[in-house]
Amino acid sequence: MSDTFDQREEDARPEDEHRFPCSNCGSDMRYAPTEGKMVCDHCGNEEAIDVADGPWGGGEGLVENDFEAALRGQTDGLEIEETRVSQCPSCGAQVQFDADTHSQECPFCATPVVTDTGTHRHIKPKGLIPFQLTEREAHKAMNDWLGRLWFAPGGLKDYARQGRTLDGIYVPYWTYDADTDTTYRGQRGTAYYVTVKGPDGKSRQERRIRWARVSGRVSRFFDDILVLASRSLPKRYTDALAPWDLSALAEYKPEFLSGFRAEGYTVELDEGMVEARQIMNAQIQRDIRRDIGGDAQKIDAMNTHVDAVTFKHILLPVWIAAYKYRGKSFRFVVNAQTGKVQGERPYSWGKIALAVIGAIILAVAVFYGLEVMDS
């Protein structure tokens, strides 16, 4: 059985939407992850990016936005921007494109896209984590990950070894901060043991729980609850790219986007808060169980007051490889901060069938070998 791929065309990369001329020769400069600077590929000139402090500013000065005010449409303190985007008809991704680009494959699913699909008016990012892995390093991480996959089609590994272009994408996220105060009612369980006789007439110790009603209060401040603001990639993969080191956040500077693309958010601010509350509630329940103590706990009721909710819109860097196998899109995603890889892959049923046949032959050989030894 042969494994074939629909190979992506080797189109030239589109010109970047954010252009920064070199002060030495006037050519476009790009952000280079290795140097952490703007680099001119024409003359080799390097220029630092002006940030608040430290190599990237550290994100310490990033201003939080009032969540309730934003929901009411009060945009004081919020920066709104309008970018030209292409919306993929297959996966729905909204990716920024340069005005000179007329067509391109979607970096998330490899679907051909006509790019002139309008503008996206949205809350401007407050911060981002700059790319820290180069495309070459991302390729190595992806190839190492593929090498550990069993039953992957041979064509898949050939595809990776060909060194095809990866797309560097800044993916949108929301972060939420909140003060919470929760009152609860529950039960504390204390374990004790009794001696009982089993069906065989023998005595044994059986664990039982004695319950006592309790109530109490727990408080917690949540800082930077991270919620994906995109629907373009399977959430199970983007969640698995965590953890992200948000202490490396830099204030948003368009220079960091030079040479890369940015995806517009498709999960709105209030939708993201629904997921953030689920994350908060799970932690609050753990806090309550710890507060109840004992050998076992039951939570009968909890009432959480959430106050002082703030948010930020940030961008996190990923390298993406999208390819098609037998008409279906598959993706690799590499965390461009840590090198962690997640992705989809087809299975080679021919390899699986051969492995099953080999296992059957081995089992039969072992069985007959044992028979010969017993005779």
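# Briefing: strands, salt bridges and a buried glycine

E206 has a relative accessible area of 25% and is therefore partly exposed, where buried means under 20% relative accessible area, exposed means over 50%, and partly exposed lies in between, as found with a 1.4 Å probe on protein chains only. The structure is a predicted model, in which local features need a pLDDT of at least 70 and side-chain atom pairs count only at pLDDT 80 or more, while totals for chains, interfaces and linings use all residues. Residues are numbered from 1 along each chain as its sequence is written, and side-chain values use heavy atoms, with hydrogens and water left out.

**Strands and how they pair**

- Helices (H or I, at least four residues) and strands (E, at least two) are DSSP runs numbered from the N terminus, and two strands are said to pair if DSSP finds at least two bridges between them.
- Strands of a sheet pair through backbone hydrogen bonds, either parallel or antiparallel.
- Three strands in the order β1-β2-β3 make up an open sheet with antiparallel pairing, and its edge strands, β1 (30-32) and β3 (46-47), each pair on one side only.
- Strand β2, which covers residues 37-39, is joined to β3 by two bridges, and the two run antiparallel; V39 has E46 in β3 as its bridge partner.
- Strand β11 (residues 167-197) takes part in two pairings: 24 bridges link β11 in the antiparallel sense to strand β12 (residues 203-228), and two bridges join β11 to strand β14 (residues 261-262), which runs parallel to it.

**Backbone angles to look for**

- The hairpin of β11 and β12 has five residues between the strands, and G201 in this hairpin takes a positive phi near 85°.
- D224 is not a glycine, yet it has a positive phi of about 55°, and this residue is found in strand β12.
- A308 is another residue other than glycine with a positive phi, in this case near 50°; it lies in strand β15, residues 296-325, and its relative accessibility of 45% makes A308 partly exposed.
- The peptide bond that leads from A242 to P243 is cis, with omega near 10°, and P243 has its place in the loop between α4 (235-240) and β13 (250-251).

**Salt bridges**

- A salt bridge is counted where a side-chain nitrogen of Lys or Arg lies within 4 Å of a carboxyl oxygen of Asp or Glu, and a search of the whole structure finds 16 of them.
- One of these salt bridges joins D41 to R30, with the closest N and O atoms 2.8 Å apart; because D41 lies in the loop between β2 and β3 while R30 is in strand β1, the pair ties together parts that are 11 residues apart in sequence.
- Within this pair, D41 is exposed at a relative accessible area of 56%, whereas R30, at 31% relative accessibility, is partly exposed.
- The side chains of R204 and E206 also meet in a salt bridge, at 3.7 Å from N to O, and R204 counts as partly exposed at 41% relative accessibility.
- E275 and K235 form a further salt bridge, in which the closest N and O atoms are 2.8 Å apart; E275 lies in helix α5 (residues 269-292) and K235 in helix α4, so this pair ties together parts that are 40 residues apart in sequence.
- K235 counts as partly exposed, at 33% relative accessibility.

**A buried glycine and its surroundings**

- G127 belongs to strand β10, which covers residues 127-128, and it is buried, with a relative accessible area of 0%.
- Although 187 residues separate G127 and I314 in sequence, the two are 4.9 Å apart in space from C-alpha to C-alpha.
- With contact taken as heavy atoms within 4.5 Å, and with residues up to four places away in sequence not counted, G127 touches L62, L249, A250, E251, Y252, H313, I314 and L315.
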